[in-house]
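Me: I would like to go through this structure step by step. Could we begin with a term that I will need?

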Amino acid sequence: MIERVFKAENMIFFLLCIVSVFTYSQCMTDTHLMPKWYFTAFVLLLAVLALLVKSIFNRLSKIDFLIYSYFISFICLIQALYGILQWLKLIPSVGRFQVVGSFDNPAGFAACLCAGLPFIFLCLKEVRGKKQKTILYLLLLAVVLAIVVSGSRSGVLTIAIVLTIWLYPYIPFKLKSKILISVCLILVLLGGGYFLKKDSADGRLLIWRCSLEMVKDLPFCGYGINGFKAHYMDYQANFLMEKPNSGYMKLADNVSSPFNEYLNIMIKFGYLGMIILISGILLLIFCYCKDPKYEKRIALYSLLSIGIFSMFSYPFTYPFVWIIICLDIFVLMRGNIVLNIQKNYKNILYVFAIAVCSWGGIKLYQRINAEYQWGKIAYSTANENLAIYYKLMSVMGNNPYFLYNYSVALFELNRLNESLKLALFCNRYWADYDLELLLGSIYSKMKDYDMAEIHYRKASLMCPCRFVPLETARPGMAVVAELSDNEIKIEACDYPKLRIYLNDRMVDMDKPVKVNSMQVMQIRNKVRRELSYIDIN
């Protein structure tokens with residue numbers, strides 16, 4: 001067993017899982033997610049190169065699913081203990097969530113534990129000693145407890161269903177009773193999950209409703225890879241503009257995911273993408289039915305776990321989940337698809353693959369280096385940083401967060417035309433509340449108050465619960481009245497219109513506060529002072 005564990009390909013897989021779960025870098029702007037992706041890709045490229053070289057010399061590598069299951073179970077144990085210690089407040093948490101493990105939110109933490117949970121079942125089946133089984137049952141309990149205390153409703157529902165299916169043969173009831181108990185359990189968890197955090201659940205209903213509108217408008221081919229980020233917030237703004245008295249007004253916020261991977265696929269690739277996905281699922285089920293081994297059943301359980309979680313969250317955001325998916329698919333299809341390639345052609349393919357991996361490694365290094373350089377200047381607006389931003393454009397120019405950051409730096413240095421050009425270019429990739437505020441601020445400083453008002457209003461519609469558009473739009477409108485060349489005309493015509501606009505906005509002054517803070521109090525006081533000044537004059 002020890003020799004199997006320490007085989008080169010097995011250790012590479014273990015390293016791949018480790019970096020996909022625990023990598024962290026404070027030198028990048030995104031300290032938790034992007035380092036996991038970059039270093040997972042780096043280890044994967046090295047692994048593929050090593051395996052290709054071995055294959056050229058006819059030293060074939062085999063996947064040892066049992067050893068991989070032990071590795072995944074061990075990683076889940078470490079992650080679960082990490083979360084439990086955060087819950088007990090023995091180690092610090094990240095951000096506003098208490099239980100996140102090595103992630104920045106409970107979704108990533110729970111997604112990875114749910115994806116890895118079924119592999120513990122295989123370990124339990126294979127071990128023989130009583131002590132080993134006890135340890136594995138404690139490991140299983142730790143993972144379940146960690147998911148529960150994380151507060152992830154998607155995670156709790158997922159483990160409840162997967163554990164029910166796993167324990168189904170051992171439940172001492174008749175078939176009808178088992179089905180009734182299972183259905184009641186799912187309904188209770190769904191209802192409990194909804195009412196436990198009703199505002200959050202209603203917010204997701206708003207996101208799904210607006211997402212379905214996107215699908216209706218472009219149903220067959222979708223909007224492309226970045227379709228959701230590029231268009232969703234515009235749909236949310238339009239929906240809230242058409243329904244100003246909707247209960248969703250106080251729940252709407254900046255959104256970067258539809259909280260449903262199936263909707264995400266339809267938005268990106270349309271019905272065509274869903275047809276391909278369903279066809280792939282049916283193919284995997286067929287492969288299992290053709291050769292129903294227990295390890296293939298575990299792979300199905302794992303895919304089922306990810307599939308259930310995907311209905312209410314975004315597990316595909318995390319590299320560890322992708323590693324598990326690829327492993328599951330390989331295990332299910334193993335023995336069903338055989339490729340016979342002549343030796344000469346095989347060597348040519350190997351050399352070509354090595355060349356592609358080498359090129360990919362160079363590009364990846366450039367990207368990681370660019371991320372580190374951006375991380376050093378992201379929160380500084382010094383003039384000398386602009387040369388670094390310009391240099392990084394060739395590598396980072398398709399990253400909307402980088403473009404936004406660059407545009408803010410230009411705005412702070414009063415290079416308004418360049419800032420506007422970059423912000424509008426960023427808007428092609430990203431419809432966002434903060435970007436609309438930036439555009440409003442740029443136009444306001446350029447004294448194009450009509451365009452400024454359009455973007456401020458749009459930002460306010462995107463996130464009606466936010467107070468910053470309330471602060472920013474009013475001074476902008478007041479400036480229009482004060483700086484116009486013809487004050488008498490404004491007094492006679494535009495000023496009453498301005499008064500109506502301000503009075504309409506007074507409704508917002510009394511709106512419920514989603515997250516109360518010193519900033520909200522300062523904004524309210526500032527706007528009251530400005531309204532008083534306008535009323536006096």
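Reply: Buried means under 20% relative accessible area, exposed means over 50%, and partly exposed lies in between (1.4 Å probe, protein chains only). The model is predicted: local features need pLDDT of at least 70, side-chain atom pairs count only at pLDDT 80 or more, and totals for chains, interfaces and linings use all residues. Residues are numbered from 1 along each chain as its sequence is written, and side-chain values use heavy atoms, leaving out hydrogens and water.

Me: Is Glu436 buried or exposed?

Reply: Glu436 is buried, with a relative accessible area of 0%.

Me: Which side chain does Glu436 meet in a salt bridge?

Reply: That of Lys458, at 3.8 Å from N to O. A salt bridge is a side-chain nitrogen of Lys or Arg within 4 Å of a carboxyl oxygen of Asp or Glu. The pair links distant parts of the chain, 22 residues apart, with Lys458 in helix 19 (residues 449–462) and Glu436 in helix 18 (residues 433–445). Helices are DSSP runs (H or I, at least four residues), numbered from the N terminus. Lys458 is partly exposed at 26% relative accessible area. Salt bridges that share partners also join Asp234 with Glu436 and Lys458 in one network.

Me: How many salt bridges are there in the whole structure?

Reply: A search finds nine. Among them is the one between Arg334 and Glu295, at 2.7 Å from N to O. Arg334 is in the loop between helix 13 (319–333) and helix 14 (343–377), whereas Glu295 is in helix 12 (residues 294–309), 39 residues apart.

Me: New topic. Which residues touch the most other members of the largest nonpolar core?

Reply: Phe121 and Val143 do, in a core of 125 residues. Helix 5 (residues 106–126) gives this core its largest share, 15 residues. A nonpolar core is a set of buried Ala, Val, Leu, Ile, Met, Phe, Trp, Tyr and Cys residues joined through side-chain atoms within 4.5 Å.

Me: And what does Val143 touch?

Reply: Leaving aside residues up to four places away in sequence, Val143 touches Cys76, Ala80, Leu113, Leu117 and Ile120. Contact here means heavy atoms within 4.5 Å.

Me: Which residues have a positive phi without being glycine?

Reply: Phe259 is one of them, with phi near 55°, and Asn414 is another, at about 65°. Phe259 lies in the loop between helix 10 (227–242) and helix 11 (261–290). Asn414 is in the loop between helix 16 (400–412) and helix 17 (416–429).

Me: Are those two buried or exposed?

Reply: Phe259 counts as buried at 19% relative accessibility, whereas Asn414 is partly exposed at 48%.

Conventions:
Helix = DSSP H or I, 4+ residues; strand = E, 2+ residues; numbered from the N terminus.
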